[in-house]
Amino acid sequence: MKEKIKKYYLFMLVVLVDLILWLYWPDKGITAVKSTGDYLLEMLLFIPPIFILIGLLDVWVPREIVEKNVGPDSGVKGVVISILVATAAAGPLYAGFPVAYTLMKKGCRLSNVVIFLGTWATIKVPMLMMEIKFLGLEFAAARLILTLPAIIISGYLVEKLLAGARKADTPEVNKITG
Amino acid sequence: MFNIILFVSAAIGLLISNQRDKKKTKQALKKAVNSFLNLLPSLLGIIGLIGLMLALVPRELIASFFGNNSPVGIMIISAIGSVTLLPAFVAFPLASSFLEAGASIVAVACFITTLLMVGVITAPLEIEYFGKKFTFWRNLSALVMAVIIGPLIGVIVR
């Protein structure tokens, strides 16, 4: 319970500042609360379907598909599948670490691990919808088109930079908590 | 219009899913509710901050730092994006409020790209999985790519 309240500290602080503003500089306080209300309303109007889509993707696109298809001999198919799963999965960059680690352990090329992480972090179907909504279709499309090659380039770049050093540096992680 | 498409696709998804597997559909709805509740505290907090920023920080100040595509401003906002740990759901409204407050498309593009791809706070976790060298080079290359992508987006979008 205490943990739950702790998460709301930032919001409570904001409300407090809003109150003080409203008492001493009413016009600023009203502007602040009004802008917050506008953004909140806009988000609450379309967040429910996005979360339903995330839930559905999460249930129907199991991450094990990646693990089954990325052995050393899986080739391009494994990479394509892992990218597709990455775009459908929910969660921030760090939620992708354990999945990418599994890829690496299964013998996936290092460049593909980097590509997988990059896709996981930047190209998500539900996220793109948020982006289109708030920054416009043009912005979202431009970012998507530019990011994809950038991810692939940095994948091969990192692989080159780590050539030879990989074995020595990669720790044997046995304490994965997931 | 956009909202209608979203609601319709979510409804169709639910219908198809429910036809195939009721249990999985229930699970998906539960996940949807849970992830929303998890997000709620930071959502309320950040959106509250957005309101304060729009009310208190003068437009000219933000515009003079992040509105004229100066290299210093872009470096600062990329650094902020690299060290910030925010769910993407909150990041996009925040980015849109930056635009509203006078920041340029390039600055906002750099902020979003670094925020999503570079993780300074999560680096210790990344090191645990992939080692120091991997983490360093992956993050550095992501930072460089972000600083290249940002101005390009600025060229494409008006």
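These legends walk through several close-up views of a predicted model.

**View 1. A stacked pair of rings in chain A.**
Let us begin with A:Y39 and A:F134, which form a stacked aromatic pair. Their ring centres are 6.3 Å apart, with 0° between the planes. A:Y39 belongs to helix α3 (residues 26–60) of chain A and A:F134 to helix α8 (residues 125–135) of chain A, so this pair ties together parts that are 95 residues apart in sequence. Are these two residues buried or exposed? Both A:Y39 and A:F134 are buried.

**View 2. A tilted pair of rings in chain B.**
Here we meet B:F65 and B:F66, whose ring centres lie 5.9 Å apart.

**View 3. An aromatic cluster with members from chain A and chain B.**
Which residues make up this cluster? Chain A gives A:F97 and A:Y101, and chain B gives B:Y129, B:F130 and B:F134. Over all chains, the count of aromatic pairs comes to 14.

**View 4. Helix α8 of chain A and its end.**
The buried residues of α8(A) include A:P126, A:M127, A:M129 and A:M130. A:E131, A:F134 and A:L135 are also on that buried list. After α8(A) comes A:G136, which has a positive phi near 95°.

**View 5. A methionine in helix α2 of chain A.**
You can find A:M12 in helix α2 (residues 9–24) of chain A. Its relative accessibility is 40%, so A:M12 counts as partly exposed. A:D38 is 26 residues away along the chain, and the C-alpha atoms of A:M12 and A:D38 are separated by 19 Å.

**View 6. Where chain B meets chain A.**
The contact takes in 74 residues from each of the two chains. Together they bury about 6800 Å², with 81% of it on carbon and sulfur atoms. How many salt bridges cross this interface? There is one, and it joins the side chains of B:K31 and A:D58 at 3.3 Å, N to O. On the side of chain B that touches chain A, α2(B) gives the largest share, 25 residues. Six residue pairs are in polar contact between the chains.

Definitions and conventions: Residues numbered from 1 in each chain as written. Chains lettered and ligands numbered in written order. Predicted model: local features only at pLDDT ≥ 70, side-chain atom pairs only at ≥ 80, totals over all residues. Heavy atoms only, no water. Phe/Tyr/Trp six-rings, centres within 6.5 Å; stacked < 30°, edge-to-face > 60°. Helix = DSSP H or I, 4+ residues; strand = E, 2+ residues; numbered from the N terminus. Buried < 20%, exposed > 50% of the residue type's maximum accessible area, 1.4 Å probe, protein only. Contact = heavy atoms within 4.5 Å. Buried area = accessible area lost by both parts, 1.4 Å probe. Salt bridge = Lys/Arg side-chain N within 4 Å of Asp/Glu carboxyl O. Polar contact = N/O pair within 3.5 Å; in protein donor to acceptor, adjacent residues only side chain to side chain.
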